[in-house]
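User: Hi! Could you walk me through the model shown here, with the cut-offs behind each term?

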Amino acid sequence: MRSWTWYKNLDYLTIFLWLALVVIGLVAIYSTTQGPAAAYLLDTEQQSFQRQLAWAVICVVGIAVALLLPVRFFQASAYLIYAGTILLLLAALVFGDEINGARSWIRFGPVGLQSAELAKVGTLLAVAHLLSSKRPGTDNVRFAVATVALILIPAVLIILQNDTGTALVFLALIPIMLYWSGLPITAILLVIAPGLAGYLAIWSTWAGWGFAALFTLGIFLTTRQRMLTSLAGVFTGGTVVAFSLILTKILQPYQLARILSFTNPEAEEYRTGVGFNLVQSKAAIGSGGLFGKGFMEGTQTQGRYVPAQSTDFVFSVIGEEFGFIGSLLLLTLFACLLLRLIGLGMDMKHPFGALLAWGTVGVLLIHIFVNVGMATGLLPVIGIPLPFISYGGSALLANSAMVAIALSLHMRRDDFSIYGY
Amino acid sequence: MPLDRSVSETATPVTTVDVFTLWLAMDEYRTRSRLFAALVLGVLVVLGLRLVQLQIVDTQAYSGASRNNAVREVRVKPARGVIYDRQGILMVDNEPTYNIAITPRYFDTTRIDLLADLLEVPDTVVRTRYQEALDWSGFQASRSFPNVTFDQFSRVQEHQYRLPGVSYEKGQKRRYLTDARAAHALGYIREIGPGALERQRPEGYRRGDLIGQAGVERTYEPFLRGDVGSEFVLVNVHGRRVQPYRSGVEDIPPSSGYDLHLTIDSDIQALAESLFVNKRGGLVALDPRTGAVLAMVSKPDFDPGLFSRPVSAETWNYLQNSLDKPMFNRATQSGMAPGSTWKPFMALMALQEGLITPTSRLSCPGFHPLGNGRTFRCMGVHGSIDVGTALQTSCNTFFFELMMRTDVNTFSRYANAFGFGVNAPTDINEQWAGTIPDSAYFNRVYPRGWTVGYSINLGVGQGNMVVTPLQLARYMGAVAMRGTIHAPHLVDHLVRLDTQERVEPDLPEGETLPVETAYFDLVREGMRRVMEQGTGRLLQIPGIPSGGKTGTAQVGANREDNSAFVMFAPYDDPQIAIAAIVENAGFGSVAAGPIASLVAEQYLTGQIADTPTRRLVLNRALTSESEPLDDGQ
């Protein structure tokens, strides 16, 4: 039942939000590379804005192509694409260029692609496909294990590429996808809680213990199940013990410093070393105040005090030059996009489309939380980009592709076979 | 927890239609979606709250941090005041210097060879300088290559984008424009040392600043220096200037220092310096009416321009440790026995104290009786003479007798009044009071007791007393002016270029000596006879009557005598008083006299008369030599 008015189903709000974010990103990149300090930059850096603009145009074309493809294409080729991205990861590991210590780049003529970014799309397609084939009554655990395996394979390859930050995104995706696989909430909580306990343990062991105790008590009070309660206790308590052991016994001092520095980057021993990024990023964002210092007027930005300010720390540019108002606008746009994508998922009457949309929300949410959390000193410095904003073509392409696929599936939601699969 | 009712609990026999229906009916997923939306909002709210904390609550602190980071107050050094001589001839001004600085924190050590190539120095030099800079401070720019040439400077500037942590600054150095060195009067400027920096930091001195080290450069440092300005610039993480901060609205421009107008006459200063060839000693010429120093020479001297360049260890060693002591100001710091130039003073004191009258006659048998003819001898047998003749003939016996008739405390009281044994009120920093003994001094030096035999030598300017050329010139000024003694000074006035504000040195007015004018007339008459008929007759300035006195002071068993000479001219309307001492050069009329006479003539007439006598005097001045110092000295 193809209609000539298919575009009526297209969700223009999502397109608008995508465009708004990409434009904000271009503005930030323009400020970092075309400002008064541009003369001191290398030619390749000066061209960042033009490159990102070119990537944005490529993405527009990509979105158009994705919208033209039939829904069956994505389902049918999900595993194929997954396999392709895994091959790319392997190829990068073997033949790739090493950039910033990570061997994740593959070169196609003049264009370099970051295989790990593309792997997100493949993995998401594969997991959505896997979980949408799950029938009621099938074993939760088997699907959970398969989901974890699908995610862990690229994650391990990416760790081997020495890009821990991106690998962490994959790991964080596991509980989110398990959540959508229908695993009981308590089980999800059991997966998430150790993470929180570990985070608190970095700040203070006592906070970790406190959280572990409260969580275990909460599980007991809500479920009254001894098994679950003891699992909760073992998971959270074990994490706290493991973290304190790792922090005090296993990690080398420089590794420890990298992790601990975010809790107090201004400390004498960190501020010029591992804490430098964070000190400068916080100074940039904090000094932006309510209204910001103005476009191309940020002293931190124009002085290039924040390393990686057009990539991982791009949020500091927006925070400094556009202030609280600008940062809040950005976060609001993100919130609108993510909520809209959740809505698109709910609109779709088919688990593949819904899972893909929600998975996209998961991937984007992890990026936003980790990236902004890192730039504002809530989290340790983990090098991942801010979706649509950070400089980097592969990430922009991958994130846009996920949104575009969700949009395409949503637009053609009536084309899904009622047989589904 | 209702959510725990998982899908499997509601399972029915599986059909694809059922799954689809299930999916539609699934409140479960609706609930999960809402929960997920709540998570999304929760995460973004947490981030938003963090932004509230950073950007609204703590924004002040972070603004401070970011300003400290990126906004650098650059000190803009003012132009140091320039120095003119009394005729308005520019003696000292400034020229630009170029310095290359390294900030180790940002310096890329792989660029050491590039920097070395640009500067045309060996890699090891750059490496050493980098290490020195690092040892001093990682974050502050060290002026590692001061005073590079303009070519070196431009090459580094051109390649600066490849040299993070390398910056440049323009400075200034002194340029000396006249033939007169006037090294000891002008002094010199150098980079401030660590000790002085510590003390003078509150006055705004910073590492690398230049500061006057001697002479008027030191005395008038607060005036010459000017007011340091400030420029606020945005610097990037590599310490490089990006642009003015807030378009420079907070900048404060520097204000140049005061220009100095010296009392020195650069022409006679240059002449006096040239006449001191092969000699050690000092000369001071001043205007007796004001105390203005017209010339101040100390030889051997040094080139003050030396300090505008990096001073090599060798040069520094010579300046500090050589026997010649070139940094030592012999005109104001070197104590020497005045010899017979002391006799006019003795005459004035004796007349005022009533030890003799203007007509008293004393007898000279060729020696003073106290020494029984073996010591305290005279140069001749003068017979019965009055004070005028005693001065003209420089009779030792007469002045030994005057010393016999007084006591050392009266002697020292008068000497102090004439400016001996005390520091002069002056703007000359480097001076020594010399020694004028009194009874306390003798008691200290000769604890076993002393007699008049110990002090009688003071009558002829020998024995336990030393004076400086500056003191002698000042005393000669007082004699010339019949009893008015002035504060000697090097600076007439200072003018601030931008405001035309004029400042004069804060020095006391001239004082009147406690000696009657008539006695001065008598002594001046005696000194005129010295120039006309006595030891100074060859030194008379053609056509200009003057008063003078030679002196030949014994210094030690095996050394040549010190040659001393004092004079004033013209006799009736004194415009110049002058004192010169040449070390180990013999009679006063041989070395010191010719120099002083020629300098006075040049000052008064603007030339040296071309007469046979003057040619002889000039020849004597140029050929007389100080007996060289040796290590055995």
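User: Let's start with strands β11 and β12 of chain B: how many bridges join them, and which way do they run?

Analyst: Happy to! This is a predicted model, in which local features need pLDDT of at least 70, side-chain atom pairs count only at pLDDT 80 or more, and totals for chains, interfaces and linings use all residues. Residues are numbered from 1 along each chain as its sequence is written, while chains are lettered from A and ligands numbered from 1 in the order in which they are written. Strands here are DSSP runs of E with at least two residues, and helices are runs of H or I with at least four, numbered from the N terminus; two strands pair if DSSP finds at least two bridges between them. For β11(B) and β12 (residues 292–299) of chain B, the bridges number 7 and the direction is antiparallel.

User: Which other strand does β11(B) join by 6 bridges?

Analyst: The partner runs antiparallel to β11(B) and spans residues 576–582 of chain B. Within this pairing, B:A285 stands opposite B:I578.

User: How many residues of β11(B) are buried?

Analyst: A residue is buried if 20 or more other C-beta atoms lie within 10 Å of its own, exposed if 12 or fewer, and partly exposed in between, with C-beta atoms placed from the backbone. B:G281, B:L283, B:A285 and B:D287 point one way and B:G282, B:V284 and B:L286 the other, and all are buried. The strand, residues 281–287, is therefore largely enclosed by the rest of the structure, with a buried count of 7 of the 7.

User: What is the strand order in the open sheet of 3 strands in chain B?

Analyst: Its pairing is antiparallel, and the edge strands, each pairing on one side only, are β1 (71–76) and β9 (241–244). Neighbouring strands are turned by 45° against each other on average, direction ignored. β1(B) and β8 (residues 229–235) are joined by 6 bridges, and B:E73 stands opposite B:F232 there. The order is β1-β8-β9.

User: Turning to chain A, are helices α1 and α14 roughly parallel or roughly antiparallel?

Analyst: Axes are lines fitted to C-alpha atoms, for helices over the stretch in contact, and angles run from 0 to 180 degrees between N-to-C directions. The axes of α1 (residues 12–34) and α14 (residues 314–347) come within 10 Å and cross at roughly 160°. Angles under 35 degrees count as roughly parallel, over 145 as roughly antiparallel, 65 to 115 as roughly perpendicular and the rest as oblique. So α1(A) and α14(A) are roughly antiparallel.

User: How many nonpolar residues does the contact of α1(A) with α14(A) have?

Analyst: Ala, Val, Leu, Ile, Met, Phe, Trp, Tyr, Cys and Pro count as nonpolar, Asp, Glu, Lys and Arg as charged, and the others, Gly among them, as polar. The contact also has 3 polar and 2 charged residues. The nonpolar count is 15.

User: And how do α3(A) and α16(A) run relative to each other?

Analyst: Helix α3 (residues 48–68) and helix α16 (residues 393–411) of chain A have axes 9 Å apart and pack at an angle of about 25°. Their contact divides into 14 nonpolar, 4 polar and 1 charged residues. From that angle, α3(A) and α16(A) are therefore roughly parallel.

User: Finally, what percentage of the residues is buried in chain A, and what percentage in chain B?

Analyst: Chain A has 16 helices and 3 strands, and chain B has 23 helices and 21 strands. The buried share is 51% of the 421 residues in chain A and, for the 633 residues of chain B, 44%.
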